[in-house]
Amino acid sequence: MAQIVDVTESSFEAEVIKSDLPVLLVFWAPWSAPSKQVVEILRAAAEEYSDRVKVVLLNIDDCPDLQARLKVPRIPTLAVYKNGYEEATKTGAMSKTQIYALINAAL
């Protein structure tokens with residue numbers, strides 16, 4: 001069973017920047033309804049793409065400095081990282097189709 005990985009300031013580089021797989025990084029917060037909807041969709045995506053994409057959550061309440069450094073204006077924000085670099089970013093609530101299209105574009 002695939003897992004969604006939670007990252008912090010200290011684990012960001014290892015889990016995202018140095019990942020061997022493309023990473024779908026989600027900036028979210030548990031109090032944000034759109035964020036919670038996206039996370040629910042990502043549970044299925046993490047399972048379906050487990051061997052091809054790593055799904056990573058970053059709670060902005062726990063990592064405000066990292067959110068500021070990466071210039072994330074609002075949540076939810078989904079960013080695709082490949083080989084340590086941000087390849088694509090989408091902000092706001094998204095449907096399953098939109099999220100899967102973002103993942104497929106990264107492959």
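The paragraphs below walk through this predicted model, from its overall layout to a few single residues. Local features are described where pLDDT is at least 70, side-chain atom pairs count only at pLDDT 80 or more, and totals for chains, interfaces and linings use all residues. Residues are numbered from 1 along each chain as its sequence is written, and side-chain values use heavy atoms, with hydrogens and water left out.

Start with the layout. The chain holds four helices and five strands. Helices (H or I, at least four residues) and strands (E, at least two) are DSSP runs, numbered from the N terminus. Read from the N terminus, their order is β-α-β-α-β-α-β-β-α. The radius of gyration, taken over C-alpha atoms, is 12 Å.

Next comes the surface. The accessible surface of the chain is about 5,900 Å², by the Shrake-Rupley method with a 1.4 Å probe, and for residues only the protein chains shown count as cover. Carbon and sulfur atoms account for 50% of that surface. Of the 107 residues, 48% are buried. Buried means under 20% relative accessible area, exposed means over 50%, and partly exposed lies in between (1.4 Å probe, protein chains only).

Contacts tell how the chain folds back on itself. A contact means heavy atoms within 4.5 Å. Take the contacts between residues at least 6 apart in sequence: 74% of them join residues at least 24 apart.

Now look inside. In soluble globular proteins, nonpolar side chains tend to be buried together. A nonpolar core here is a set of buried Ala, Val, Leu, Ile, Met, Phe, Trp, Tyr and Cys residues joined through side-chain atoms within 4.5 Å. The largest one has 22 residues. Those with the most contacts inside it are Leu24, Val26, Leu42, Leu57, Leu78, Ile99 and Ile103. At least two residues each come from strand E2 (23-28), helix H2 (33-48), strand E3 (54-59), strand E4 (77-82) and helix H4 (96-106). H2 gives the most, with six residues. A second, separate core has 16 residues, including Val7, Leu25, Val56 and Cys63.

Leaving aside residues up to four places away in sequence, Val26 touches Val38, Leu42, Val56, Leu57, Leu58, Thr77 and Leu78. Val26 also stands opposite Leu78 in E4.

Two strands pair if DSSP finds at least two bridges between them. E2 and E4 run antiparallel and are joined by five bridges. E4 also pairs with strand E5 (residues 85-91), in the antiparallel sense, over six bridges. Across this second pairing, Leu78 stands opposite Lys90, and Val80 stands opposite Ala88. E4 is mostly covered, with five of its six residues buried.

Some backbone geometry stands out. Most residues other than glycine have a negative phi, and most peptide bonds are trans. The hairpin of E4 and E5 has two residues between the strands, and there Asn83 takes a positive phi near 50 degrees. Asn83 counts as exposed because its relative accessibility is 66%. Lys71 also has a positive phi, near 55 degrees. Lys71 sits in the loop between helix H3 (64-69) and E4, and is exposed at 70% relative accessibility. Pro76 lies in that loop between H3 and E4 as well. The peptide bond from Ile75 to Pro76 is cis, with omega near -5 degrees.

Ser11 is in the loop between strand E1 (5-7) and helix H1 (12-17). Is Ser11 buried or exposed? Ser11 is buried, because its relative accessible area is 18%. A polar atom of the Ser11 side chain lies 2.9 Å from the backbone nitrogen of Thr8. Ala14, in helix H1, is exposed at 51% relative accessibility. Ala14 and Gly84 are 70 residues apart in sequence, and their C-alpha atoms are 9.9 Å apart in space.

Definitions and conventions: A polar contact is a pair of N or O atoms within 3.5 Å; within protein, one must be able to donate a hydrogen and the other to accept it, and residues adjacent in sequence count only if both atoms are side-chain atoms. The radius of gyration is taken over C-alpha atoms; the globule rule is 2.2 Å times the number of residues to the power 0.38.
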